Amino acid sequence: IDYLDESGSVIYSGKGIRSVEPGIDDHIVVGGLRKPIPNVSAVSKIVEIVRRWRWGPEMEGQLDKLQFVPNMIHITQALKIIDDGDALVSLFRWSKRQSWYLPSDECFGMLFDKLNLCRDYEGIQAVFEEMVDDLDEDSASVSSASCNRVLQHLAKAEKLEVTFCCFKKIQEMGCELDSKTYNSLIALFLSKGLPYKAFEIHEDMEKEEGRRSCLDASSYDMMIPSLAKSGRLEASVKLFSEMKERGYRPTPVIFAALIDTMGKAGRLDTAMKLYMEMQGFGLRASGATLVSLIESYVKSGKLEAALRLWDDMKKAGFRPNYGLYTLIVEGHAKSGKLEIAMSLFTDMEKAGFLPTPSTYSSLLEMQSASGHVDAAMRLYNSMTGAGLRPSLATYTSLLTLLARKKLIDVAAKILLEMKAVGYSVEVNASDVLMVYIKDGSIDLALRWLRFMASSGVRTNNFMIRQLFELCMKNGFYESGKPLLDSYVNAGAKVDLILYTSILAHFVRCQDEENERHLMSILNSTGHRAHAFLCGLFTGPEQRKQPVLAFVREFFRGVDYETEEGAAKYFVNVLLNYLVLMGQLNRARCVWKVAYENRLFPKAIVFDQHIAWSLDVRNLSVGAALVAAVHTLHRFRKRMLYYGVVPRRVKLVTGPTLRVVAARMLGSMESPFEVSGVVLRATGDAVMEWFGKPMVQQFLLNEIPSRSEILMHKLNVEFPCSAPEVRSLAPPKPLIGRRNL
């Protein structure tokens, strides 16, 4: 029995005559009157027991011995006072086992709030699971507020997995979530770097009726940038418009994110519109926002707009950073706006920024491409002076510029510096050599080649051959000899085309000194065609076989699958040479074997009794004359031996060889008449012409001395030759050219 004073304080406690029975002794006596125990006293008693015992059987035993029957109001009020998480959960679980227990949203809410203050999130999860297990369909609506509190507390504590698990269970229960809860969930997933999960929750929120505009200002601040950065630009713009409709003022963070993403996506008009709208709200764009917008305009090639923004940025007091300087300088350089690029480059250096190698390279390469040697060299010297290593492309462009400007000494200096910093210079040196070759600067090309040799820089056989052919073309035969020796000594083989080109120069040569150089070059080739040419002018005793057999043996060694074109070229040049040397018999042997090997398969056509024709359009002058003589001889034999006379005989010459063939046949009083690019005659007239003795001797290659004028006629067709030396006394040059 407790004796209390008027204030409720205990005056004296003594042992009664029996144990307290709850429900019977739940009162106090004031005088002779019984009064129920005040709620304050009941709550304080419950709190006293819980604070003393905290948890376990002892606490539950003491609670079972209470002289009054508690109710949910007592439990809820006690929960407000208790501060220990374990004690809170223990008291709640004890009350659940009592007969008077009723699920209360207020009780759950208070418990969750107190556990949140105690940071007992495991307790919140445990109580929530118990609540879910105990709920039935009728009480689901009562628990909505509690469910919202659970999600809000867990989301604020950034318990991602637990929050998501509870969210899914609440969705399955069909509880209605409020705007604050949705905003908490969205903020949680965005802060954890899961924007797409936040977007899903936002979509779920919008599906519910009346939830389309429930985001708060902080959620807008997080959702719009996240949508923009994830590439969902349309959704971010839509949410941005919704935000303004609801009266929220967009923050600089939202504007910065939208401007940045729109610019990077190439939607520059939208980005600029947002930038202007931002200024309309009285907001000042940050330096990062201006940098992003300028970068977008530069990368899209809209340099004028970028420069306007650049000026706005400087007027606003922002200092362009290193990366922005680099980007805008390189952008103008690559666009060919060198004056602006160099002005910005100067500003960059004045601002204390050291340009990157790529900045130097872009400027230097564009200056080189524009042919500005002085500006390019200044940039190069500035770059190397700053301790930066030029790139391979930079060296290549600079060397190309110097080569085109024929500054060979400067190019040599740059190449040696390039070699000193560790680059392989063989390709670049060969490129410079090719520039001189294409330009036809033989002296510079030879000088550069000597520099390469003295510096230990090797070139390839292709370049040597190109330079050799250039020397041959321009008559630098003395300089060409060492090039050919170098070409052969490097392991390269002189092919039939190269040998034939040298022979063609020899055929056209008029100077005896140059002839000696060319003979030496021909001998240095080591090609089998040279041995054939030498053997062709020797006697049968030395050859040990007739001319025709000797020619056939040479042409059997030709690979017609890979060298057919080269063989045709060789035959044309060789026949030119043989005709000029007066060796018509040898020339006819070469033509006969060439025709046998089908090098000119469509040259001769026998159309039975209608027309016989010879097509010499694809032949050289000498080859055309030899082919005409040899083919007319065949026509004569066919007419005489077989008695076959065609209606007409044609020589298809084309515009180039028409005059040559007409002069040759005209000197023999032939019946052929010129008709366009064809020489025509009737078969009977040709048959009668074949009967003349002079024609017979001409076709059999038995030209009488009185007909030597014919060879003079042939020499007229070779204006680059020396007719007095080559046609009047053909045997003498043969002796002098045995060394071929």
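Ground rules first: I worked on a predicted model, where local features need pLDDT of at least 70, side-chain atom pairs count only at pLDDT 80 or more, and totals for chains, interfaces and linings use all residues. Residues are numbered from 1 along each chain as its sequence is written, and side-chain values use heavy atoms, with hydrogens and water left out.

**Helix pairs.** I looked up helix α7 (residues 144-156) and helix α8 (residues 160-173): their axes come within 9 Å and cross at roughly 160 degrees. That makes the α7 and α8 pair roughly antiparallel (the term applies to angles over 145 degrees). Axes here are lines fitted to C-alpha atoms, for helices over the stretch in contact, with angles from 0 to 180 degrees between N-to-C directions. Helices are DSSP runs of H or I with at least four residues, and strands are E runs of at least two, numbered from the N terminus.

I then turned to helix α16 (residues 303-315) and helix α17 (residues 322-334), whose axes cross at roughly 150 degrees and come within 11 Å. So α16 is roughly antiparallel to α17 too.

**Positive phi.** I found Arg 598 with a positive phi of about 60 degrees, although it is not a glycine. Arg 598 sits in the loop between α33 (584-596) and β5 (604-607), and it counts as exposed because its relative accessibility is 58% (exposed is over 50% relative accessible area, 1.4 Å probe, protein chains only).

I noted Glu 669 as well, a non-glycine residue with phi near 55 degrees. Its loop runs between α35 (654-666) and β8 (673-675), and Glu 669 is exposed at 59% relative accessible area.

Methods
Parallel < 35°, antiparallel > 145°, perpendicular 65-115°, else oblique. Buried < 20%, exposed > 50% of the residue type's maximum accessible area, 1.4 Å probe, protein only.
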